[in-house]
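Hi,

Here is the structure I promised to send over. Have a look first, and my notes follow below.

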Amino acid sequence: MDGKPLRIETTRHLACTVVRAGGELDHAGRVRFSACVNAVWNWSVGPVLLFDLADLEFFDSSAIGVIAMALQRMEEEGGGGRIILIRPSAHLLTVLRLTDLLSRVELRDSVEETIAELMTDADRSVAMSCPDRRA
């Protein structure tokens, strides 16, 4: 391909890890993308991985392969993780539907709103597990 090279950016948050990819994700880029996911795996409890793939100009089955690999690893490790796709393209949604992976991921419109939601959920969980002892 003569397009833009694959760019991968990761951001660590308390409740999740954001993985942004742009450019072209083909078979050659799959190794880098997969290695990136493995490198950030333990950055959040679960883990909770937010994939922002909106800037991908091209992707082949490699993108689906990485998502499937992460889902399989989550299942093998007890199923406590979550994969959240931010603004997936219509093509990606179609492929996820055809591969029966769509039901196993969550869809959101905004990285920032999703992080805020996850932080609120985490705050609630902490509040529920630490009862007020002022009596």
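**What I found**

Of the contacts (heavy atoms within 4.5 Å) in the chain with a separation of 6 or more, 65% are between residues 24 or more positions apart.

Before you read on: this is a predicted model, where local features need pLDDT of at least 70 and side-chain atom pairs count only at pLDDT 80 or more, while totals for chains, interfaces and linings use all residues. Residues are numbered from 1 along each chain as its sequence is written, and side-chain values use heavy atoms, with hydrogens and water left out.

The chain has 4 helices and 5 strands, in the order β-β-α-β-α-β-α-β-α from the N terminus. Helices (H or I, at least four residues) and strands (E, at least two) are DSSP runs, numbered from the N terminus.

Buried residues (under 20% relative accessible area, 1.4 Å probe, protein chains only) make up 41% of the 135 residues. Cys16 is one that counts as buried, at 0% relative accessible area, and Cys36 is buried too, at 14%. As for disulfides (pairs of cysteine sulfur atoms within 2.5 Å), the structure has 0.

Now the helix pair. α1 (residues 27–40) packs against α2 (residues 61–76) at about 30 degrees, with the axes 9 Å apart; axes are lines fitted to C-alpha atoms over the stretch in contact, and angles run from 0 to 180 degrees between N-to-C directions. That makes the two helices, α1 and α2, roughly parallel (angles under 35 degrees). Residues making the contact include Phe33 and Val37 of α1 and Val66 and Met69 of α2.

Cheers

Notes: Buried < 20%, exposed > 50% of the residue type's maximum accessible area, 1.4 Å probe, protein only. Parallel < 35°, antiparallel > 145°, perpendicular 65-115°, else oblique.
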